[in-house]
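Good morning. Please have the sequence and the structure open while I talk.

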Amino acid sequence: MSENVHPKATSVAEFEKAANEKLSEFVRTYYSHPGEGGQTHRDNCRAFKRYRLIPRNLRDVYIRDTSVTVLGSKLDFPVAIAPTAVHKLAHPDAEVATAKGAASMNTSMVLSSWSHCSLEQVAAAAPRGVRWFYLLFYRDRGRMKRLLERAEWAGYTALVLTVDSPIYPFTLRKTPVVFPVQFRLPNVWLDDDVVPGSPGSLEQGSALTKITKNAATWEDVKWVKKNTRLPVVLKGILSGSIPEDARTAVDLGVSGIYVSNHGGREQDGLPATIDVLPDIVRAVGGEAEVYLDGGVRTGTDVLKALALGARCVFIGRPALWGLACNGAEGVQQVLQILKDELSLAMARAGT
Ligand SMILES: Cc1cc2nc3c(=O)[nH]c(=O)nc-3n(C[C@H](O)[C@H](O)[C@H](O)COP(=O)(O)O)c2cc1C
C-alpha cells in the first residue's frame, strides 16, 4: 500500500474511489459488506437526498460556529468517528492513526473492541483527543468490569454499547476468515487469557463464543450503568416511541441515544437512519443526547441530520477510506472536508 493520498481528493466520494482503487478486494468487500442485498446500506445514503433544506437568506452568516458539546466535551464540529473493526486492514498504523487524525481536528473517536491497538496505546498516541470505547457484552461480569476500569483509567469519556448485534458474527462462522494482515485483539483478550489461533480462525471464534454474551438484554445495560462512572451511549437504536427502545433507554438513565443500523452490515431491510431520527428525537424529548450514523457523506447530510435533531453525527467507512489513502492525515482530510462543507451549507441555509 503506498502512502500518498489521491492528490485531487476533495470530497468523501473521491476518497472512497481512491481508497477502493488502493485496497485489496478482500478489504473492499469487508468494508462494504452490505447485509444480504444491501438495501439498508444503499437507503442510508439515498434517504439523505430526499430531504430538502429551506434557506433563510440575508442573515449575517459571515461567522459560523460549527462547534458542539457532546457529553461534556467540546468538539470543533459535530462529526465524529464511529467504531469500526480492524483499522490495520486500511493502514499499518491502525487505530493509532485514526485517533491522531480525529484529535488533530478536535473531534471524537469511538474505539472498537475489535481493534488491533490497545485502548491504552490509542490514548497515549492522541492524549488530547476525545475518546469513547465500544465495549462488548461478556458472560463474565468480572471481565466486563476489568475492561470498564481500563477504559476509565485510560481517559475514555463514554462507553458505547452496540445493541444491534444480538448475535456476534463469529458465533455463526462455519469456515475460517483468512485476514490479509496479522493483528491481535487486546481490547477483548486480557493479559492472562490463553488465546487460541488467530482472529478469523475457527478456534479463536469458538473461544470468543465462550466468553462473549449473545442476546444481551436491558439487564446488561443496567449492570453497565451501575458499574461505571462514565456516561453510557446505546448504539443501534431505531425505534422511538412505539415501540419504545429510545424511551426505555432514557428511562434507564442512558446519556446518549445513537441512531444506527450498523451501516447496513447487520440486518438488511432496516430503515435509513435519517428517516427514523425525528421520531426518536421526539421520544427522547431532550432527556438524552441523540446521535446518528449511516450514509453521512457530505456536509449537507450533516446539516440535515442536525436540522432533524441530531446533536452530532458519526462516520464509519469515510474515516476508513481516509485512513487507507493517507493514514492519520487522510482521516484528518476527510474530517476537514466535512467540516468545510458543513460550514458552507450552514452559510447557504442562513444558520
Ligand atoms: C468495516 C466496518 C466495521 C465495523 N465495526 C463495528 C464495530 O466493531 N462496532 C460497531 O458498533 N459498529 C461497527 N461498524 C458500524 C459502524 O460503527 C457504523 O455504524 C457504520 O459504519 C455507519 O455507516 P457509514 O459507514 O455509512 O458511515 C462497522 C462498520 C464497518 C464499515
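Is α4 mostly covered or mostly exposed? This is a predicted model, so please hear everything that follows as a description of a prediction. The helix α4 spans residues 94-104, and ten of its eleven residues are buried, which makes α4 mostly covered. The buried ones are A94, E95, V96, A97, T98, A99, K100, G101, A102 and A103. As for what covers them, the list includes strands β3 (79-81), β4 (108-111) and β5 (130-135), along with helices α5 (119-125) and α12.

Stay with A94 for a moment. A94 is not a glycine, yet its phi is positive, about 50°. A94 counts as buried because it has 22 C-beta neighbours inside 10 Å, and the cut-off for buried is 20 or more. After α4 comes N106, and its phi is positive too, near 50°.

H262 is found between β8 (256-259) and α10 (273-284). H262 is not a glycine either, and its phi is positive at about 65°. With 22 C-beta neighbours inside 10 Å, H262 counts as buried.

Now to α12, which covers part of α4. I will take two of its partners in turn. Two packed helices are described by the angle between their axes and the distance between the axes.

At what angle do the axes of α1 and α12 cross? They cross at roughly 175° and come within 10 Å. Angles over 145 degrees count as roughly antiparallel, and α1 and α12 are therefore roughly antiparallel to each other. On the α1 side, the residues that meet α12 are V12, F15, E16, A18, A19 and K22. On the α12 side, they are P318, W321, G322, A324, C325, V334, I337 and L338. By class, this contact has eleven nonpolar residues, one polar and two charged.

L23 counts as buried, because 21 C-beta neighbours lie inside 10 Å. Leaving aside its neighbours within four places in sequence, L23 is in contact with R28 and A324. A324 is also one of the α12 residues that α1 meets. For a sense of distance, L23 and W114 are 91 residues apart in sequence and 20 Å apart in space, C-alpha to C-alpha.

The other partner is α11, residues 299-307, and here the axis of α11 and that of α12 (residues 317-349) come within 7 Å and cross at roughly 60°. That makes α11 and α12 oblique to each other, and their crossing is right-handed. The contact is made by G299, T300, V302 and L303 of α11. From α12 it takes in L338, D340, E341, L342, L344, A345, M346 and A349. Those residues divide into eight nonpolar, two polar and two charged. L338 is in this contact, and L338 is also in the contact with α1.

Last, the ligand. Which residues come nearest to the ligand? Of the 23 residues around it, they are A82, T162, G263, G316 and R317. By class, the shell has nine nonpolar, ten polar and four charged residues.

Definitions and conventions:
Residues numbered from 1 in each chain as written. Predicted model: local features only at pLDDT ≥ 70, side-chain atom pairs only at ≥ 80, totals over all residues. Axes fitted to C-alpha atoms, helices over the stretch in contact; angles between N-to-C directions. Helix = DSSP H or I, 4+ residues; strand = E, 2+ residues; numbered from the N terminus. Parallel < 35°, antiparallel > 145°, perpendicular 65-115°, else oblique. Left-handed = near helix turned anticlockwise from the far one by under 90°. Contact = placed C-beta atoms within 7 Å. Nonpolar A, V, L, I, M, F, W, Y, C, P; charged D, E, K, R; others polar. Buried ≥ 20, exposed ≤ 12 C-beta atoms within 10 Å, placed from the backbone. Near = placed C-beta within 6 Å.
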